[in-house]
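Subject: Structure handover

Hello,

Here is the structure you will be taking over. Please look through it first; my notes follow below.

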Amino acid sequence: MIFRALHRSDEGHFLFTSKKDYEMKTLRNIGIMAHVDAGKTTVTERLLYYTGTIHRMGNIDDGNTVMDSDPQEAQRGITISSAAISTAWQYQGTMYQFNIIDTPGHVDFTAEVERSLRVLDGAVAVFCARSGVQPQSETVWRQANRYGVPRIAFVNKMDRQGADFLQVVEQMRQKLGAVAVPVQLPVGAEDAFEGVIDLIALQMLTWNEGHGNVVTRHSIPAPLLPEAMRWRNHLLEELALVNEGVMQAYLQNAKEISEEVIHEALRRSVINLQLVPVLCGAAYRNKGVQPVLDAVAAWLPSPSDLPATVGTHPETGENVQRPASANEPLAALVFKVAENDFGRLTMLRVYSGTLRNGDQVWNSRTGKPMRINRLVRVLADKTEQTEMLAAGEIGAAIGLKGIKTADTLADVNHPVTLETMQFPEPVIGYAIEAKQNSEAGKLGEALSRLLDEDPTLQMSTDAQSGQTILRGMGELHLEVVLEKLRSQYGIAVNTGAPLVAYKEQFTAATLHREVLKRQNGGAGSFADISFELAPRTDGQTGLLFISEIEGGVVPKEFIPAVRKGFETAMQNGPLAGYPLESMQVRLVDGNIHEKDSHQQDFEEAARAGFRAAAMLAKPRLLEPVMQLDITTPDEFTGSVTGDLNRRRGLIREIGMQHLAQQIRAEVPLAELFQYVTSLRTLTQGRASVSVSFCRYQLVPESVEKEILNR
C-alpha cells in the first residue's frame, strides 16, 4: 500500500489515507525493550511526541504516560502489559509507519516480552548509562536472539550521575556477546551532558531547552575532533569486517567513504544480526531521541527485508513458506488476548495475505473456521477501525470467541500452523477463594478470562484440600492479578501462604510390564506393554518417548496412545503429586488381542504402568532456584552475604561498580518469600535486588523429608 497523504485525527495521531496497498518497505514493526528503570517508557513517550502522535509528553513519575494506561502501571510506576501504538515519521523525504510495542522490564512479566518479540521485526534496546547491562537486559536480549530480532541500542540517562557511555558499550560486548558499535559519542556526561557527536556525518547535535524539538547541527569542536575521528575509524573497521564494499573503500581511502555507503552497510549488518549500532541521549531531558527515530527508519528491517515465515501443514507436517506479500494466502499469529472497554481484543500479526472484515479464517488449534467481524488498529488504550490488515501489519480483532494466544489464523483453503511461543512455567502460587461464597462462580469466570489473557498464569485444584491454586511468575505478578480481580471484576479474594511450584524427577531406570485385561461379557479390553522408565540425560524437559517395537507386536496406530498415556501420567508424580520435570520412556515390547485391543486400552495401560513403576525409578523432589542480582553499599556486604548463606544460597559473583557492591547469587525460591523487605531492613533501605528464575535443582534430602511430611 502506498502512503499518499497524512492527516491528523482528532486524537492527534497520523492516519494514512490512501486506499491503495502500502509500500511494505516503509513499515517498521519494532519493540522497545529494557531492564526495569532504564527509561524505556519515557523513551517511548518522547518517540510519540516527536512523531506528532501526542501533544504532551507524559512521565512515569507523574503517572500520565500514554503507554502505561493501566491504573496499576500508573500506581506502581512500571510497565505490566505490553502496549501497542502506530505512528509515522518522515526520514529523508519518505514517510515511514512505525508499529511500536512498549514491553515490560520487570522479570515477572517476561511473557509480555516473549510474545511481543515473536511478532516484531526489530527492536530498540534501552540501557541506563549508569547501571549498564542489568539482569533483565540479559533476559530480553536472549529472547531477541532466540527469535532472530535485529536490534539497535540507545544508552539513556546520560545526564545521570555516574553515566559512562563507553562502559555500557563494553558491557554489551562482554555480557551480551553483541558486536556493539558506537555511531554516536556523548558530549559531556551527568549535569554537563550537552549533546552528541554523529560519527557518520561528523557533526555535533544539540537540542533546545524545554521540549527538545529543535535539533541543531554544529561543527565538531576542535578539542573533540581527534576522539571523534578515532571512533569513526572504529565504526568503519567494524563495518569493513562484515561488508566487502566498505572493506574495499576503506582500504582505498577511508576519508572518501560517503554517508550513504555507511548507512547502507549498517542496515545490512543490522538485518543480518552482525552489528548493533549504539546511540545515546537523555530522554527525560528531551535530548537524543530524534536520531533514534531516524535509526529505526534507516537500519531496522521492514517485513519484506526478512525471510519468508515458515509454518507447518496441519495434515502432512511439511514445512510451508509464507512470504510477506498481500497476494499470498493468509497467515496471521495471535500474540495476545485481552479484555478492555471495547470487549475481547485479539492482537495479531499478519505475516502473509490480507485479513478483511467479514473473512472466514481457519484456527490452527481448533481446526475449525471462524469469522472476522471487526478489525481495528491499536493506539495504546484506544482503537481505530479499519477494513483490513495486510501482510506485515499488526492490529486486532474484536469479539472473537474461543481464541487463545499462539493460535494461527489462516486461509481456510490453505491451512498452516506458524511457530508458536515458549513461555516459562510459573514457580509460585497462592491458594485463593472468594471472600463472599456467593461470588465463587463469578471468581471462576474471571479467572478463566485472566488465564486466556496471560499464558504464564496457571490454575489447579489441590487434590487433598480442594483449594483453588493460582500460580504465576512471582509475588509481584500474582499481586497484580489479585488487584485486577478486585478492581476490574469487583471480586475480593482471600489468599493463603505462598506455595512453591515443586517438581519431581526420576534418578534411576526401571523396567516394568503392564497388562490390562478386562472382560465384561461383551467386547473386552486388552493391552500389554513392556517399558523402561528413566531420567532424561539430554538436559531437556518434558517426555522423551522412544519406541523400539519391532515386528508389529504393537500396531503403529496404538503407539501414539501409549505416548499420550505417559504424557498424562507424568503430570502427577509419585512422591507428592507434583509434575515431573522430565522423563524418558522406552517402549520395548507388547502384545494385543485381535478383538479386544483398542487405542484407549493402551493409553490406560501406560498410565497404570507409570503408577506401578514410578517409585522404583527413585523419584526425587526438584525446587525452583532464583538468580538474585543485588546492589548494596559496601558496608552491608557481610550482612547481605551472611543472610544469603542462611537461605541456602550460592554466591556466584561479587564485584564493585559505581561505589556499590554487585552480588550475584542463586537461592531456592522457598527461602525468598518477603526477601525484599528483609534486604531493606539489613541495609537500611539502601540496597536493591532483581530476582529472576534460574533453574530447577534437586532438593537436599533433609529438606525433602520436611516438605513431604508437611
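I begin with one residue. Val-196 is found in strand E10; helices (H or I, at least four residues) and strands (E, at least two) are DSSP runs, numbered from the N terminus. Val-196 is buried, at a relative accessible area of 0%. Here buried means under 20% relative accessible area, exposed over 50%, and partly exposed in between (1.4 Å probe, protein chains only). Val-196 touches Gln-184, Leu-185, Pro-186, Val-187, Gln-203, Met-204, Leu-205, Trp-207 and Cys-280, not counting residues up to four places away in sequence. Contact means heavy atoms within 4.5 Å. Val-196 and Ile-220 are 24 residues apart in sequence, and their C-alpha atoms are 9.7 Å apart in space.

Some notes on the source. This is a predicted model, in which local features need pLDDT of at least 70 and side-chain atom pairs count only at pLDDT 80 or more, while totals for chains, interfaces and linings use all residues. Residues are numbered from 1 along each chain as its sequence is written, and side-chain values use heavy atoms, with hydrogens and water left out.

Cysteines

Cys-280, one of the contacts of Val-196, is itself buried, with a relative accessible area of 0%. Cys-694 is partly exposed, with a relative accessible area of 27%. A search of the whole structure finds zero disulfides, a disulfide being a pair of cysteine sulfur atoms within 2.5 Å.

Cores

The largest nonpolar core has 62 residues, and those with the most contacts inside it are Phe-127, Trp-141 and Met-172. Helix H5 (residues 165-176) gives the largest share of this core, five residues. A nonpolar core is a set of buried Ala, Val, Leu, Ile, Met, Phe, Trp, Tyr and Cys residues joined through side-chain atoms within 4.5 Å. Leaving out residues up to four places away in sequence, Met-172 touches Phe-127, Val-133, Trp-141, Ala-153, Gly-177, Ala-178, Ala-180, Val-276 and Val-278. A second, separate core of 47 residues includes Tyr-96, Leu-236, Leu-279 and Val-296.

H5 has 12 residues and reaches 16 Å from its first C-alpha to its last, close to the 16 Å expected at 1.5 Å a residue. The expected span is 1.5 Å times one less than the number of residues. Buried in H5 are Phe-165, Val-168, Val-169, Gln-171, Met-172 and Leu-176. Seen down the axis of H5, its buried residues fall within an arc of 160 degrees, so they line one face of the helix; the arc is that of the directions from the helix axis to the C-beta atoms. Just after H5, Gly-177 takes a positive phi of about 70 degrees.

For helix H6 (residues 225-242), the end C-alpha atoms are 26 Å apart, which agrees with the 26 Å that its 18 residues should span at 1.5 Å a residue. Its buried residues include Trp-231, Leu-235, Leu-236 and Leu-239. The cover over the buried residues of H6 includes H5, strand E10 (195-198), helix H7 (244-253) and helix H8 (259-271).

Strands

Three strands form an open sheet in the order E15-E14-E26, with antiparallel pairing. Strand E15 (319-322) and strand E26 (417-418) stand at the edges, each with a single partner strand, so one side of each is left without a neighbour in the sheet. Two strands pair if DSSP finds at least two bridges between them. Strand E14 (residues 309-312) and E15 pair over four bridges, and Thr-309 stands opposite Arg-322 in E15.

Four of the five residues of strand E29 (residues 468-472) are buried, so E29 is largely enclosed by the rest of the structure. Five bridges join E29 to strand E27 (residues 428-434), antiparallel, with Ile-428 opposite Gly-472. Strand E28 (residues 458-461) also pairs with E29 in the antiparallel sense, over four bridges.

Two loop residues

Which phi does Glu-190 have? Its phi is positive, about 55 degrees, although Glu-190 is not a glycine. Glu-190 lies in the loop between E9 and E10 and is partly exposed, with a relative accessible area of 33%. Lys-618, also not a glycine, has a positive phi near 55 degrees. Lys-618 counts as exposed, at 55% relative accessibility.

Regards
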